[in-house]
Structure formats: structure tokens, C-alpha cells
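My entries follow in the order in which I looked things up.

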Amino acid sequence: MKKNYDRVNLVMPKGRKDAIRAHAEKNGESLNGFINRAIDEAMERDDQADSDC
């Protein structure tokens, strides 16, 4: 499994992780899945905005 993934350490204000985890779980996602989806969606929006210019 280690060969298939990169590990990233993320630092945020105390309590933020719990809020993000609760939001993810409320929507049927894991914390990791939610963060990865959020990153993917942000990158897609940024790419779209770049191509609109």
C-alpha cells in the first residue's frame, strides 16, 4: 500500500480537523476522502478558470 500513495502532513487550527471530519461523515465520506475530493474539485475549478481567461 505504501508504494501506491504519497503521505502529506497537513497543519490546521485546533478543532478544525474535528469539524471537517464531522462534515465529511455527515455526507458519507471519510476525512481523507473528503480532503482528496475537495482538492480535486478546487484543481478542476482553477483549471477551468485558467482556460476561461
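This is a predicted model: local features need pLDDT of at least 70, side-chain atom pairs count only at pLDDT 80 or more; totals for chains, interfaces and linings use all residues.

Entry 1, fold. I looked up the secondary structure and found two helices and zero strands in the protein; helices (H or I, at least four residues) and strands (E, at least two) are DSSP runs, numbered from the N terminus. The radius of gyration is 14 Å, well over the 10 Å that the globule rule gives for 53 residues, so the protein is more spread out than a compact globule. That radius is taken over C-alpha atoms, and the globule rule is 2.2 Å times the number of residues to the power 0.38. I noted that the C-alpha trace spans about 35 × 30 × 25 Å along its principal axes.

Residues are numbered from 1 along each chain as its sequence is written, and side-chain values use heavy atoms, with hydrogens and water left out.

I looked up the accessible surface, which comes to about 5,200 Å², with 50% of it belonging to carbon and sulfur atoms. Such areas come from the Shrake-Rupley method with a 1.4 Å probe; for residues, only the protein chains shown count as cover. Buried residues make up 8% of the 53 residues, where buried means under 20% relative accessible area, exposed over 50%, and partly exposed in between.

How many salt bridges does the count come to? I found two, a salt bridge being a side-chain nitrogen of Lys or Arg within 4 Å of a carboxyl oxygen of Asp or Glu. Arg37 pairs with Glu29, their closest N and O atoms being 2.8 Å apart. Arg37 is partly exposed, at 32% relative accessible area. Arg37 also meets Glu41 in a salt bridge, at 2.9 Å from N to O. Glu41 and Arg37 both lie in helix 2, four residues apart, about one turn of the helix. Through shared partners, the salt bridges join Glu29, Arg37 and Glu41 into one network.

I listed the members of a negative surface patch: Asp40, Glu44, Asp46, Asp47, Asp50 and Asp52. Asp and Glu count as negative, Lys and Arg as positive, and His and the chain ends are not counted. Patches are made of residues with over 30% relative accessible area and no salt bridge; like charges are joined within 9 Å, and nonpolar side chains (Val, Leu, Ile, Met, Phe, Trp, Tyr) within 5 Å. The place of a charge is taken as NZ of Lys, CZ of Arg, CG of Asp or CD of Glu. Asp50 is in helix 2 (residues 31-52) and counts as exposed because its relative accessibility is 57%.

Definitions and conventions. Buried means under 20% relative accessible area, exposed over 50%, partly exposed in between (1.4 Å probe, protein chains only).
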